[in-house]
Structure formats: C-alpha cells, structure tokens
Amino acid sequence: MENGGGDVPENANDHCPGTQSEAAGKADACAGCPNQQICATAPKGPDPGAITHLLAIIERMNTVKHKILVLSGKGGVGKSTFSAQLSFALAEMDHQVGLLDIDICGPSIPKMLGLEGQDIHQSNLGWSPVYVESNLGVMSIGFMLPNPDDAVIWRGPRKNGLIKQFLKDVDWGEIDYLVVDAPPGTSDEHISIVQYLQIAGIDGAIIVTTPQQVSLIDVKKEINFCKKVGVPVLGVVENMSGLRQAFSDMKFVKPSEAGETDATEWALNYIKEKAPELLSVVACSEVFDSSKGGAEKMCQEMEVPFLGKVPMDPQLCKAAEEGRSCFTDQKCSASAPALKSIIKKLVKTK
C-alpha cells in the first residue's frame, strides 16, 4: 500500500494523504474510506492519536440518544442553573440523563446538583459519573480538585485535552439525554466540544440570556457562532425576566438619613391587619431593561426559536444554592411552571 505517510490509519485506503494533511478526508483517495468524515473534520496538529481519540468518542456517544449544548454569550445569566434544572426535569420525566460540565475554570454544577465533595471513580469501563439519582449522572472537573477553592489556570490545549477525555472516557451507559454545560463565550472549549460532538451527532444548542441589550449583544455572537460551525439553535431562553416574589416573602426597610432600619415585621403586621388579601399577591418588578423587546424580538431578527421566559425567582436561587430540583415542591411557584413549559417544548421537538 502506498500512502502519503504521517499518521495513516491501518484501515485507510491506498494513497491515503495522512490524517494531518490538509487534504485529509478530501482527496480522491479518501472516497469510501471509513475514516473519511473524521479525517475531514479532525483538528490538524501534532496529535498523532487524533483519529483513535475521535473513534473512541464516537463509540462512547453512540450510547447517547440526544446531545444538547447549553450556551450563553455572557456570564452570570443563569446558564448553569438552567442546565441543572433541565437535567433534574428530564430525569423526573423518567429519562436517563447525563450532565457534563465543561466550564473548566468555573465549575458550578457540583454545587447546583448537591454533589460537592464527591469523587470520580474509575472502572475497567472508564470514569464513572457521580450520580444524584439512579437516572441522573454528573461529570465535572469540580470533582477532581483537591480543594474547591483552587483556581484552574490552564491554557487552551490542556482544557481541550480534558474535554476530549470526558467525551471518550466517561461511561454514561445507555442514556436518553446528555446535557453539556459550557462556559460563557465562544472560545477553546466551545470549538472543541462542537468539533467532537458534531462527529458523534449533536441535536443542537440552547442559548440562555437576560433581557437587556448588554446581554443580547453577546447572544447574537453566540448564535452566529452556532451558525458558522453548523450547530442548530434549538432556541433561546430569556432568564431573569423580571422579579417575581410573593408579597409575604418580601423584606421591608425604612430609609433615613442615619441609614436603613428593618421594617419587615411592622409592615407585615400592618398588611395582615389592614389588607390581608395582599399576602396572596405576587410582586412583580422589571430588574433589567427590556424596553427594546428583549430576547423574543432578538430571536425574530436572528430567525431562531424563542423558547420562553423564566422570571427571577428567589426560591429558584435558593434551590440552586442547596443543590436540589425546583420541581419537587411548590416553593418555586414563579419559575418552575415557566421552566416546565420550556422543557416540554424541547422534549416535544426531540
């Protein structure tokens, strides 16, 4: 067999140009080769095991029916909270679910799933996820840090290497959904996860934003990133879409020149006496400026689906802090119904 040399797979066609060649997967000799698609999309560079790794990723991902990427253009918009609650909801719908945290420098998923302090275990099948329930497994670099306060100071290649290892070495088993929580932006981690998951088949991306223009500007970049790399946008979620809080849960203060004093007890007693019906009312407030139409208008302009709005709910924030589902009780009365509506749209689409 005459080959072009340089990282030629054993099962390659005659005259293979090599996996690191610019012609890899595109040359006439590549036609009909079982590695053609992989070679055409694989990163070119000094990794001689690229094909082997990609084949291992494909084999792992063959046991995952649906792969969903959760993105945000800006940090602090509630993307990880959404990823966690999406995973809880899918698991409570009796799906087998995996949640993969690839936010290498800021892994918050272990806390949001109530798994802080847990360790990863290895078996002859690979890395075992950490399980919340029997049908909800989680993987994160947060499980690997000796101290949760340790900073992860890594360059791009090392981040990419860990993402690759997560995809090829984690033994998810047969699952219905893999939810991938990505860091904000469009950097190394995003390029890597898209490159690897496209080969294995990715359903698409959900993009989380807040209503104000400063967030939507970055979301447009995220949508354009998805379009350029060929990832379908499943839809955009407008998070923190106004504050919703039961009147009875609110705190009150009396401002004065000397400062503020707590007036909660006085105010609630006054309301109970004078207007008790107010205690069953939910107070609404626009925290962010949505006067220009928010995410819904932006989706119309960018021609992508709008999935819905999730209000800012202090009870949802508390559920995330405590690492629990917002769907198991009636406390998250403002946010849980909105999240359920969005998730039903996604499942129906799938």
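**Entry 1: domains.** I am working with a predicted model. I looked up the domain assignment first. Domain 1 covers 63–242 + 289–349, and domain 2 covers 244–285. I find their C-alpha centres 36 Å apart. Domain 1 gives 8 residues to the contact, and domain 2 gives 4.

**Entry 2: the interface.** I checked the area next. The two domains bury about 370 Å² between them, with 52% of it on carbon and sulfur atoms. On the domain 1 side, I note Gly242, Pro314 and Ala334 as the residues that lose the most area, together 61% of what that side buries. I searched for salt bridges across this interface and got 0. A search for polar contact gave 1 residue pair. Strand E9 (233–246), strand E13 (306–312) and helix H10 (314–322) each give two or more residues to the domain 1 side. I sorted that side by class: 4 nonpolar, 3 polar and 1 charged.

**Entry 3: salt bridges.** I then searched the whole structure and found 12 salt bridges. Lysine 168 pairs with aspartate 169 at 3.3 Å between the closest N and O atoms. I see that both residues are buried. Lys74, Asp218 and Lys221 are linked in a network.

**Entry 4: arginine 324.** Is arginine 324 buried or exposed? I have it as buried, because its relative accessibility is 17% and the cut-off is under 20%. Glutamate 322 is partly exposed at 43%, and aspartate 329 is partly exposed at 25%.

Key
Residues are numbered from 1 along each chain as its sequence is written. This is a predicted model: local features need pLDDT of at least 70, side-chain atom pairs count only at pLDDT 80 or more; totals for chains, interfaces and linings use all residues. Side-chain values use heavy atoms; hydrogens and water are left out. Domain bounds come from an automatic or database domain assignment. Contact means heavy atoms within 4.5 Å. Buried area is the accessible area (1.4 Å probe) that two parts lose on being put together, summed over both. A salt bridge is a side-chain nitrogen of Lys or Arg within 4 Å of a carboxyl oxygen of Asp or Glu. A polar contact is a pair of N or O atoms within 3.5 Å; within protein, one must be able to donate a hydrogen and the other to accept it, and residues adjacent in sequence count only if both atoms are side-chain atoms. Helices (H or I, at least four residues) and strands (E, at least two) are DSSP runs, numbered from the N terminus. Ala, Val, Leu, Ile, Met, Phe, Trp, Tyr, Cys and Pro count as nonpolar, Asp, Glu, Lys and Arg as charged, and the others, Gly among them, as polar. Buried means under 20% relative accessible area, exposed over 50%, partly exposed in between (1.4 Å probe, protein chains only).
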